[in-house]
Amino acid sequence: MKPFYEILVIGGGHAGAEAAYISSKMGIRTLLITNDMSKIGEMSCNPAIGGLGKGHLVREVDALGGIMGVVADASGIQFRLLNKSKGPAVQGPRTQIDRQEYKKIIQKRLNKIDFLTIIEAEVTDLVVKNYSVSGVVFGNSEIVNCKCVILTTGTFLNGQIHIGQKSYPGGRSGDVASIRLADRLREMDLPMGRLKTGTPPRLDGKTINWSILEKQYADLKPHYFSFLTKKTRLKQIPCHITYTNKRTHEIIEENISRSSIYSGKILSAGPRYCPSIEDKVVRFAERESHQIFLEPEGLNTDVIYPNGISTSLPEEIQEKYVRSIKALETVKILQAGYAIEYDYIDPRSLKPSLEMKALGGIFLAGQINGTTGYEEASSQGLIAGINSVMFVRSNEPTIIRRDQGYIGVLIDDLVTRGVKEPYRMFTSRAEYRLTLRADNADQRLTQLGSVMGTINSNRNKAFLNKISKIKKAKSMLKECKITPSNAIKLGFTVKQDGKIRCALDFICDSKLPLKKIQFLWPELKCIEESILLQVAHDVRYDVYIRRQKVEIEATKKNSRTKIPEKFDYKLINGLSNEIQSKLELIRPIDLLQASRIEGMTPAALTLVHLWVKKYSGAERDHGNYEQRPYGTKSSL
């Protein structure tokens, strides 16, 4: 008898690894299906994790018990905090990664976890019964049944690699594309489209003139991704910086028509915030140079990733323009850069749980939802994994709200607004970013993880210990007091108003070094530096946080008005055809989500509110709403 798995995860990239890890960690029998077990956790593009917005996502994944942050810390070879000169709300931890080490640790952890089985196979079809997925079909026609499926196909779904005028199927360089599954999904008439991404050529570090390049060093005090990490495991090394020049741009301009992007071979949209070098030269013609980070792919390899020159030009042109760059005059290209087109499914066809609306029991995560980046994929994989467990257990799904985390912002943006280009997370996308800082991700989300069962006892103990230390530190800071006159004598700038101030009042002044406060009150030196910094962030943002909490409570009023799943928007007189079609497509779960639909007006929202109140009782009592089968555009 074949073993029965409750959850099947298709794809072993960052979304698939995270989904399989968390579902099995929660005690559910999970099967991870991948084309190549040796490629699980592969970093297909740049050897780095984190950054602005992205670092927030990884911290939140870690706070909820996910795997990416822990593994990134264990394989990091250059930790840096971006935007260090700005406030903590927009700072982002980032690290260069030893690519092989990262992959090795991910695979080791997945192979050790209970309830998880990993196999090599190609999935070519889904088993669908009564508008619900109940299994998958392998390339050899074998069927494996389950309770739900998590689809994380990355760039493999009908992937097509482009280098100049050459095009061929591929999920990434050296890997076959998933053609039959893509064809099957299209046969189901799902709302699908095409997107593009790209990667630069890989260089041989032995052929680079390192001596003439500017160095970028790691921070002396690393900022880790996991709240459990205490020290670096691997040697820390620098990156190097070089620049394109006038000659580089001339070579590209002379051959622009031979680029896959500009020759008309690629029509799909690429990531606007991570453009190819061809795009940079065309769009920013006034620029004489563009920065390139020469990033090592590991401690035991000479492969270098030149971050900033992604391309789809022919191989001989790549070699020509790369060798026009300072320190790369005699460089050897180990692998040509390329662009890749792939299929994705319109994320507006998903519920906020990442389950498809029209096909029950199937969850989507990663680039199949129109995102780009390891961190965005990992975040979705975590939530898809958690909610697949909730589905199996017949529990309500876990929805991270926009005011709870960047993960909530990411998923809400996807399912409410869809994508026109590969979606990338930025701090600017979060309206509550003052409360959603990277440093307080555990304070926001770890308790939720504890309730869901994604947090183990050691992590929960560490979290409670940190909260206890923060409370004790705040109490000590309140007890340390001083008069204005004595404060002035000691060099502090305060008003001579006779008001006694405590150390916590001085911490609110962001310009005042924390060490000076500890110098004034030596008894505060027992407070750990990280705890004192956390307290400082909390109190300095306190006034803004209180203001945002008022806004959050106001927006929650709309979330309390639920919209019936089968509500017929054609009943509402006065809605424009555009708004009506968007409501039919997105099917918001409540008025709050409806209010964020692009083009939604206050008048239209009021109409929806009135009609939902009027007809929700009829839907509940009579069940007179039409159930549309999957495969019809109006049901998606």
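Me: How far is the sulfur of C45 from the closest cysteine sulfur?

Reply: A disulfide is a covalent bond between the sulfur atoms of two cysteines. The rule applied here asks for a pair of cysteine sulfur atoms within 2.5 Å. In this predicted model, the closest cysteine sulfur to that of C45 belongs to C274 and lies 6.6 Å away, which is too far for a bond. C239 is in no disulfide either, since its nearest cysteine sulfur, that of C45, is 15 Å away. The count of disulfides by this rule is zero.

Me: Which numbering and which parts of the model do these values use?

Reply: Residues are numbered from 1 along each chain as its sequence is written. Local features need pLDDT of at least 70 and side-chain atom pairs pLDDT 80 or more, while totals for chains, interfaces and linings use all residues, and side-chain values use heavy atoms, without hydrogens and water.

Me: Is C239 buried or exposed?

Reply: A residue is buried under 20% relative accessible area, exposed over 50%, and partly exposed in between (1.4 Å probe, protein chains only). C239 has 1% relative accessibility and therefore counts as buried, whereas C45, at 22%, is partly exposed. Of the 636 residues in the chain, 58% are buried.

Me: How many helices and strands does the chain have?

Reply: Both are DSSP runs, numbered from the N terminus: helices are H or I with at least four residues, and strands are E with at least two. The chain has 20 helices and 23 strands.

Me: What share of the contacts join residues at least 24 apart?

Reply: Contact means heavy atoms within 4.5 Å. Among contacts between residues at least 6 apart in sequence, the share is 74%.
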